Amino acid sequence: GLTIRFQQAAEGIESRGTSINPALEDYMTPMGVMTNFGSQYLSASRGESFSRRYQFTYTNTAEYRTTINDVHEITALLGQESIITRANGFSVNTSLQPNNIQMLLTNGTNVTMENVGQSISEFIMNSYFFQGDYGFDSRYFFNFTVRRDGSSKFAPGHRWATFYALGAMWNLKNEKFLESTK
């Protein structure tokens, strides 16, 4: 008989990050060694980041199975799948915070374009596939698969490729000359 399936899936991830770097002054350790933190730790800084990623998967298949005269088993599967992924994020870092106690982004007096970041991405993958299976008398089996896959991650003109597969199997245990070994 014929089985038609429509499946959908969604996945989402959201993340936040905070970095707080208080200013450090060089000091003498109990062992009598002077620390050397360098200029990167002379002013307090604070950073924030946020990212969101979500993915939708749509899978549609139609499968037909039949048996003819109790010896011919035929299965044909036709399908399509799309995966859509979108992501965005941003980050900012401010330095020259007035003190190590109340470090807020808006309290920092130094922000440059190198301290600000943003990313936006979207990619799509599509697949179309067919699989045909034939079995004779539970002894001989043949399989053929073809699929065409495309991805927006590849350059135009190189986004699609077709893949083929063939298979065959012989189930020796079901042969008459091996009946005595069962």
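Me: Which residue in β6 does Phe141 stand opposite?
Reply: In this predicted model, Phe141 faces Met169 of β6.

Me: How do you know that strand β5 and β6 count as a pair?
Reply: Two strands pair if at least two bridges are found between them. Eleven bridges join β5 (residues 140–151) to β6. Eleven meets the requirement of at least two, so β5 and β6 are paired. The two strands run antiparallel.

Me: What joins strand β1 to strand β2, and in which direction do they run?
Reply: β1 (residues 2–21) and β2 (residues 44–68) are linked by 20 bridges and run antiparallel. At least two bridges are required, so 20 bridges make these strands a pair.

Me: What connects β2 to β3?
Reply: There are 25 bridges between β2 and β3, and the strands run antiparallel. Arg53 has Ala87 in β3 as its bridge partner. The two strands form a hairpin with three residues between them. In the turn, Asn69 has a positive phi of about 55 degrees.

Me: In what order do the strands form the sheet?
Reply: The order is β1-β2-β3-β4-β5-β6, in an open sheet of six strands with antiparallel pairing.

Me: Why are β1 and β6 said to stand at the edges?
Reply: Each of them has a single partner strand, so one side of β1 and one side of β6 (160–170) are left without a neighbour in the sheet. Neighbouring strands of this sheet are turned by 10 degrees against each other on average, with direction ignored.

Me: How many helices and strands does the chain hold?
Reply: The chain has zero helices and six strands. Read from the N terminus, the elements are β-β-β-β-β-β.

Me: What makes the chain more spread out than a compact globule?
Reply: The globule rule gives 16 Å for 182 residues, while the radius of gyration of the chain is 31 Å. The value is well over that of the rule, so the chain is described as more spread out than a compact globule. Along its principal axes, the C-alpha trace spans about 90 × 40 × 30 Å. Buried residues account for 19% of the 182 residues. Of the contacts between residues at least 6 apart in sequence, 62% join residues at least 24 apart.

Me: Why is Thr85 called buried?
Reply: Buried means under 20% relative accessible area. Thr85 has 2% relative accessibility, so it counts as buried. Thr85 lies in strand β3 (residues 72–97).

Me: Which residues are in contact with Thr85, leaving aside its neighbours within four places in sequence?
Reply: They are Arg53, Tyr54, Gln55, Ser121, Glu122 and Phe123.

Me: What makes the approach of the Thr85 and Gln55 side chains a polar contact?
Reply: The cut-off for the N or O atoms is within 3.5 Å. The side chains of Thr85 and Gln55 make their polar contact at 3.2 Å, so the distance meets the cut-off. The C-alpha atoms of Thr85 and Gln55 are separated by 4.3 Å, although the residues are 30 apart along the chain.

Me: Why is the Glu14 and Arg52 pair called a salt bridge?
Reply: The side-chain nitrogen has to be within 4 Å of a carboxyl oxygen. The closest N and O atoms of Glu14 and Arg52 are 2.8 Å apart, so the pair qualifies. The pair links distant parts of the chain, with Glu14 in strand β1 and Arg52 in strand β2, 38 residues apart.

Me: How many salt bridges does the structure hold?
Reply: There are eight. Among them is the one between Arg139 and Glu175, where the closest N and O atoms are 3.0 Å apart. That pair also links distant parts of the chain: Arg139 is in the loop between β4 (116–136) and β5, and Glu175 is in the segment after β6, 36 residues apart. Both Arg139 and Glu175 are buried.

Me: What joins Asp137, Arg139 and Glu175 into one network?
Reply: Salt bridges that share partners join these residues.

Key
Residues are numbered from 1 along each chain as its sequence is written. This is a predicted model: local features need pLDDT of at least 70, side-chain atom pairs count only at pLDDT 80 or more; totals for chains, interfaces and linings use all residues. Side-chain values use heavy atoms; hydrogens and water are left out. Helices (H or I, at least four residues) and strands (E, at least two) are DSSP runs, numbered from the N terminus. Buried means under 20% relative accessible area, exposed over 50%, partly exposed in between (1.4 Å probe, protein chains only). A polar contact is a pair of N or O atoms within 3.5 Å; within protein, one must be able to donate a hydrogen and the other to accept it, and residues adjacent in sequence count only if both atoms are side-chain atoms. Contact means heavy atoms within 4.5 Å. Axes are lines fitted to C-alpha atoms, for helices over the stretch in contact, and angles run from 0 to 180 degrees between N-to-C directions. The radius of gyration is taken over C-alpha atoms; the globule rule is 2.2 Å times the number of residues to the power 0.38.
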